[in-house]
Amino acid sequence: MLPHPEPALAAALAADLRAAGYTSDGLRSAWTAPADEAIARGLRRPALRALGDRTDALAVLARLLGLGVAQPRAAVDAALPATGAEGLTRLGLAEISGDTVRAAAMVRPQSFADDAGEGEWWIASDLDEAARGGGALPEDHVLGVGGASLTLAGLQVPDAAETGLDLGTGCGIQALRMRRSVSRVVATDVSERALAFTRLNALLNGVDGIETRAGSLFDPVAGGRFDRIASNPPFVITPRRSGVPAYEYRDGGRVGDALVAGVIRDAGTHLAPGGVAQMLGNWETSDGQDGLERVRGWIEGAGVPLDAWVIERERLDPLAYAELWVRDGGTVAGTPEFADLVDAWLDDFAARGVTGVGFGYVLLRRPRHDGPSLARYERVPGTVAAAPGAHLAAALAAHDRLAGLDDVALAASRFVVAPDVTEARHHRPGEEAPTVIELRQGGGFGRALSVDPALAALVGASDGDLAVGALVDAIAQLLEVDAGALRADLLPRVRELTFTGFLRFAD
């Protein structure tokens, strides 16, 4: 990969890709939806079968840049009239051998949607496992757009800001996403190869305002402060043992979850007042201490006051964790090499008393004036909306508004039910009263809550006309209970429902 791609040549390639219809929808139509899904599982044969012997520009580019299959030079020159096979080599994306062009990297379209609308990027990255023909990946491998990177991109709060930092940029997907709402972004990485891909991807997509800097973690931005920080750091817990590959894209070179702890502790000092940092991470449950409590300790020991919202989405036992990441590195299950690497992980976990590893999201915010007011550590199962960043931003705004309301002011407020909320009631056969009442959230984090009749009645009546206090009084009269006691019970739960997005302020 060339460290500094030619801007004019990148623009020419983008024009050629656009003219060929090299888009997510175009590829899905060309090689069918089932084949598209198979590619995500590392199977490219169905897509090749669907393309057959087609020689049009889209088919040629799909094979070469989408699947990593060598193509005739004449076909590539015809498919890329402004760039040509020679131009691909000058960008570091291909190699020419006689009359054949071989892919040196992937370029795949990636669609996205956020508050500003829908769009698509072309993302260049190293050849994936299928295109390489299997085997362990090189340690300097630059990953394309995977599930974790899409998750973080969707989590980014969409509020406008001036300065942003993409810490550990990889192929640059977070920097591109951040530039949708942030004026200037610094993208850092220890890998010069990753920074080269980031520069190319910015050029391919006509995105300016992204500056790349080489170095480890916050070293390239020492003393700097940012309104937004996003990081999909190399958080994978890897045994520090000879023979275990240390992939730059996932391994930060530290023991256990120490890298995640360090990023969390240092993030606050690089946030401007009101700034928000968001990251993915793994954390260990070890020696009987719950993983989320360990994260709480890191945040409370950060040295600067921080609002914190930490969500654990998944927890794996040591064996499942080891198998996941050995497979990720390209080592095939059932081989002696696979078994040896799994043993290395299990030995490391056993030596350090690790009984589980959590995966989740960390949101930190530096208060503008007063000390922190948000400290939320939770496990949230279920289905997450494709882009919950707006949901996170709304929750922070709701929290700030609620923090300024005492119970009297809250009781005077009016609320409406969020449009994605539904209610389900479960009855025993022959019984009129429900045994379970459940509120379900279609967006956000897809929460499902069991509620009692009083809270269900309050939510159902929240149409913005009457204040909460008036609704509570009416419900108390209907249920023949003390209004003061009911108010004391329901108001804290109204706060929770508002923060989590079930209710919204009517104004």
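Which residues does Leu402 touch, not counting residues up to four places away in sequence? The structure examined here is a predicted model, in which local features need pLDDT of at least 70 and side-chain atom pairs count only at pLDDT 80 or more, while totals for chains, interfaces and linings use all residues. Residues are numbered from 1 along each chain as its sequence is written, and side-chain values use heavy atoms, with hydrogens and water left out.

Leu402 touches Leu410, Arg495, Thr498, Phe499 and Phe505, where contact means heavy atoms within 4.5 Å. Leu402 is found in helix 16 (residues 389–403); helices (H or I, at least four residues) and strands (E, at least two) are DSSP runs, numbered from the N terminus. At 6% relative accessibility, Leu402 is buried, a term for residues under 20% relative accessible area, with exposed meaning over 50% and partly exposed in between (1.4 Å probe, protein chains only). The C-alpha atoms of Leu402 and Arg495 are 7.0 Å apart in space, although 93 residues separate the two in sequence. The charged end of Arg401 sits over the ring of Phe505, 3.8 Å from its centre; for this assignment, NZ of Lys or CZ of Arg must be within 6 Å of the ring centre and within 35 degrees of the ring normal.

A search of the whole structure finds 9 aromatic pairs. Rings of Phe, Tyr and Trp (its six-membered ring) pair if their centres lie within 6.5 Å; planes under 30 degrees apart count as stacked, over 60 as edge-to-face and the rest as tilted. Trp309 and Phe445 form an edge-to-face pair, with 6.2 Å centre to centre and 75° between the planes. This pair links distant parts of the chain, 136 residues apart: Trp309 lies in strand 11 (residues 307–316), and Phe445 in the loop between strand 16 (436–441) and strand 17 (448–451). Trp309 is buried, with a relative accessible area of 2%, and Phe445 is buried at 0%.

Trp309 also forms a tilted pair with Phe499, at 4.7 Å centre to centre and 55° between the planes. Because Trp309 lies in strand 11 and Phe499 in helix 20 (residues 483–499), the pair ties together parts that are 190 residues apart in sequence. Phe499 is buried, with a relative accessible area of 6%. Ring pairs link Phe235, Trp309, Phe359, Tyr361, Phe445 and Phe499 into a cluster.
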